[in-house]
Amino acid sequence: MTMQSKTPSETQDREEGRGWTLPTSRRGFLAALAGAGAAISLGSKVAWANGEIGFWAKDLTNEQLIHLYTTIQRIRWFERTCVDKMLTEPGYRGYNHFYVGQEAVATGVSAALKNTGGVMEADLVYSTHRPSGHAIAKGVEVKKMAAEYEFRATGLNKGYAGEMHIADKSVGFMGADGMIGPGYVIATGSAFAIRARGSKQVVVNYGGDGTYATPHFHSALNNAALLNLPFIYVLENNLYHQYAHYSYSCPMKDIAIAAKTYGIPGVVVDGQDVIQVYNAAKQAVERARAGEGPTLIEAKTYRYYNHWGAPGAKPGELGAFGYDPLAITSFRPEREVRAWMARDPVDISRNTLIHWGVLDRAKADEIETAARAEMVEAFAWADKQPLGKPEDGLKHVFVEGTVLPRQFG
Amino acid sequence: MARKSFMYSVLEAVQYEMQKDPNMIWIFELTPPVASTPGKPVINLEREFGRKRVVNTGIDEMWMAACVLGAGLAGSRAATYIPYQGNAMCFQILQNHAGKLHHMTGGQAQMPVVFVLEMTGQTPGFAGQHSDYEIDTYYAHIPGLKTVIPSNPTDAKGMMVSALRDPNPVAFLYAAGLRDMIEDVPDDPYTTPLDKAAIRSEGSDITIVGSGGGMPEVLKATEQLQKQGMKVETIDLRSLKPMDTETLVTSVQKTKRLLAVDQSYYTLGPAAEVIARVAENVDGARFKRIAFPDAPPPASPEMFLWMRPNADHIVAAAKKLAA
Ligand SMILES: Cc1ncc(C[n+]2csc(CCOP(=O)(O)OP(=O)(O)O)c2C)c(N)n1
């Protein structure tokens with residue numbers, strides 16, 4: 001695999017030497033995933049921001065930079081807490097399409113967006129079947145998300161959604177989507193409305209490498225380009241669509257070159273480096289706000305876990321969430337998994353900020369500890385929330401009234 | 001004879017037809033054509049026939065369906081396995097092309113193709129898009145498209161052989177909830193008709209009609225009712241189009257009571273069709289139907305499992321009808 005990042009600096013902080021004090025450290029997590037402790041031993045690599053883009057995150061205050069790191073940690077620990085529950089709590093029922101490993105993408109993108117004000121003011125994000133990172137970065141309340149993952153009546157969507165359909169209009173998070181395809185075209189519809197009403201909002205749509213094959217990918221880009229819409233397609237290339245390598249669905253190495261066909265910018269970024277992602281997103285957002293049209297951003301990234309996980313997996317068995325029995329066409333080689341883990345977005349952001357003098361180690365540890373505590377608390381809160389009433393399934397079909405319970409004859 | 005899963009039985013049929021016909025192709029997306037069963041060689045169509053004939057494609061169900069249709073038009077037999085998530089993505093190809101081309105071309109176009117359409121059916125917790133109860137109605141409504149829905153491995157194998165040999169396009173509805181159902185299935189290829197319902201139990205008090213992924217609950221209810229002394233005639237539709245009116249009518253002429261059970265949404269589901277056909281032909285019968293409410297499936301298992309028709313619902317409705 002090739003990374004588009006600049007050569008890693010040799011003068012970076014060598015963070016791998018630091019003491020790991022957390023009881024279940026990130027390192028422990030990586031080691032458990034990879035099966036051995038080699039994951040972080042190659043020397044952490046600060047991927048320098050892509051100089052050609054030119055922002056260098058210069059417009060971000062220290063506080064905002066720390067917010068990036070905090071967000072990455074919050075996503076990581078949301079998922080880890082969820083995973084822990086799946087593996088250890090027999091009563092837990094939530095499932096998750098994992099985002100661990102890809103945190104820098106959602107974080108960098110949302111940092112360039114307006115995340116308050118509802119559908120008429122906020123920038124809008126259309127998510128995928130892998131929504132937790134996108135949602136958290138957009139500002140969705142995590143305890144309600146945790147409650148939704150377990151189908152609680154007080155969850156984000158009152159138990160109707162589960163993980164794959166979470167939505168929160170109040171922050172412009174238009175929702176997860178279990179389908180691969182239609183969401184991208186729908187997103188361009190929102191962008192069309194925004195252009196028509198002349199607001200300064202932009203629409204971001206996430207999609208995986210697998211989406212390249214869908215007719216919807218091409219329709220979205222074509223129409224967004226034709227109509228000059230404020231639309232940004234963030235393609236998270238984690239190398240696999242479900243169980244198959246992306247070379248099974250896309251004949252190009254860089255999917256971003258597809259943008260050329262539509263006469264719009266196509267940018268490849270290192271999806272492990274939040275600063276690079278931010279820079280690319282920032283530029284795309286400014287273009288869109290200025291009425292200059294859509295951008296395709298391809299973030300090269302990787303998910304550490306398998307496609308998805310649900311309760312009932314046994315730690316260590318079939319690699320828990322590292323292996324999928326349906327993955328017959330192409331397995332993810334362990335070397336590949338390890339190579340990507342060696343460029344962990346948490347480490348890269350941490351090292352960058354320490355190197356820039358924005359954070360010190362103590363503060364970075366503190367942020368991690370707090371993120372973890374927040375998520376443990378959020379899931380504990382979710383656990384105590386009431387379940388939905390069976391009859392409620394007949395509500396919300398139309399805006400008014402309920403439908404009849406036809407299962408009784 | 002050996003114990004085989006639903007999946008194994010289907011692939012055994014495909015494997016046999018592909019061995020016989022070197023032109024036949026199979027396109028899949030994320031359900032690999034691989035299955036095993038104790039004491040038998042593993043079936044792996046991709047390995048056996050190579051990537052020229054068996055291809056794992058990108059996420060584009062519209063293309064998958066169109067591809068096999070095009071292959072059929074060009075004179076090759078072809079089949080595709082569309083996973084449940086992508087099911088409706090290919091709808092247009094089935095509705096406007098597969099169902100119409102033979103007719104529109106004055107009988108010229110031939111499409112010996114099979115669309116294996118997976119349906120989730122049984123899954124609480126996934127909500128809306130990933131647990132559409134059954135969307136059999138949509139396909140059964142298309143003229144020119146045979147639509148079958150086997151409910152056990154034995155029928156699945158026989159009907160797959162028939163579907164592959166049929167000169168017409170066939171929607172082979174595959175209830176994902178039955179994927180792991182295992183029973184003794186003959187090893188040799190055999191055919192099961194694509195237009196005949198199966199009588200699963202004979203009785204004179206009431207006729208209960210079900211299909212596909214709903215049959216296990218229908219059979220459970222049948223057993224419970226029989227234990228309580230009711231003589232139940234249970235019919236498994238197997239084919240939604242053409243629908244076996246004769247078997248339905250003959251049965252209700254005897255029982256005068258018909259309970260039609262759907263896994264799909266209530267309005268315009270197969271149960272409505274079953275009742276209409278019988279009502280047109282049998283005087284003095286009483287009718288009832290059970291279906292999933294006209295609501296999208298909610299994620300919450302509490303809601304979903306309450307809404308999903310089950311054996312208890314069927315037993316209660318049968319008793320009401322017989323009273
Ligand atoms: C229309 C449709 N077809 C198939 C699926 C099944 N499916 C769910 S996720 C997935 C792979 C998606 O791959 P990609 O877009 O690369 O995202 P990733 O899972 O790698 O993040 C597939 C095929 C689906 N959800 N929708």
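What follows is a short tour, grouped by topic.

Keep in mind that this is a predicted model. Over all chains, the salt-bridge count comes to 34.

**Where the two chains meet**

- The contact brings together 42 residues of chain B and 46 residues of chain A.
- Glu302(B) pairs up with Arg93(A) in a salt bridge, with the closest N and O atoms 2.8 Å apart.

**A helix pair in chain A**

- Helix α3 (residues 103–110) of chain A packs on helix α10 (residues 274–289) of chain A at an angle of about 40°, and their axes are 7 Å apart.
- Angles of 65 to 115 degrees count as roughly perpendicular and those under 35 as roughly parallel, so α3(A) and α10(A) end up oblique to each other.
- Their crossing, α3(A) over α10(A), is right-handed.
- From α3(A), the contact uses Ala104(A), Val105(A), Thr107(A), Gly108(A) and Val109(A), while α10(A) brings Val274(A), Val277(A), Tyr278(A) and Ala281(A).
- Sorted by class, the residues in this contact of α3(A) with α10(A) are seven nonpolar, two polar and no charged.

**Two helix pairs in chain B**

- Helix α3 (residues 61–73) of chain B and helix α4 (residues 91–98) of chain B pack at about 30°, with axes 8 Å apart.
- In that pair, Met62(B), Ala65(B), Ala66(B) and Leu69(B) of α3(B) meet Ile93(B), Leu94(B), His97(B) and Ala98(B) of α4(B).
- The contact of α3(B) with α4(B) has seven nonpolar residues, one polar and no charged.
- Over at α9(B), the partner is helix α10 (residues 270–281) of chain B, at an angle of about 60° and with the axes 9 Å apart.
- That angle makes α9(B) and α10(B) oblique to each other as well, and their crossing is right-handed.
- Thr245(B), Leu248(B), Val249(B), Val252(B) and Gln253(B) of α9(B) touch Val274(B), Arg277(B), Val278(B) and Asn281(B) of α10(B).
- The contact of α9(B) with α10(B) counts five nonpolar, three polar and one charged.

- As a rule, most residues other than glycine have a negative phi, and most peptide bonds are trans.
- The peptide bond from Lys241(B) to Pro242(B) is cis, with omega near 0°.
- You'll find Pro242(B) in the loop between β14 (239–241) and α9 (245–255) of chain B.
- Ala127(B) isn't a glycine, yet its phi is positive, near 75°.
- Look for Ala127(B) in the loop between β7 (113–119) and α6 (136–140) of chain B.

- Asp270(A) forms a salt bridge with Arg343(A), and the closest N and O atoms are 2.7 Å apart.
- That pair ties together distant parts of the chain, 73 residues apart: Asp270(A) is in strand β7 (residues 266–270) of chain A, and Arg343(A) is in the loop between α11 (334–341) and α12 (345–355) of chain A.
- His396(A) lies in the segment after α13 (361–383) of chain A.
- Leaving out residues up to four places away in sequence, His396(A) touches Lys158(A) and Tyr160(A).
- The C-alpha atoms of His396(A) and Tyr262(A) are separated by 40 Å.

Technical notes. Residues numbered from 1 in each chain as written. Chains lettered and ligands numbered in written order. Predicted model: local features only at pLDDT ≥ 70, side-chain atom pairs only at ≥ 80, totals over all residues. Heavy atoms only, no water. Axes fitted to C-alpha atoms, helices over the stretch in contact; angles between N-to-C directions. Helix = DSSP H or I, 4+ residues; strand = E, 2+ residues; numbered from the N terminus. Parallel < 35°, antiparallel > 145°, perpendicular 65-115°, else oblique. Left-handed = near helix turned anticlockwise from the far one by under 90°. Contact = heavy atoms within 4.5 Å. Nonpolar A, V, L, I, M, F, W, Y, C, P; charged D, E, K, R; others polar. Salt bridge = Lys/Arg side-chain N within 4 Å of Asp/Glu carboxyl O.
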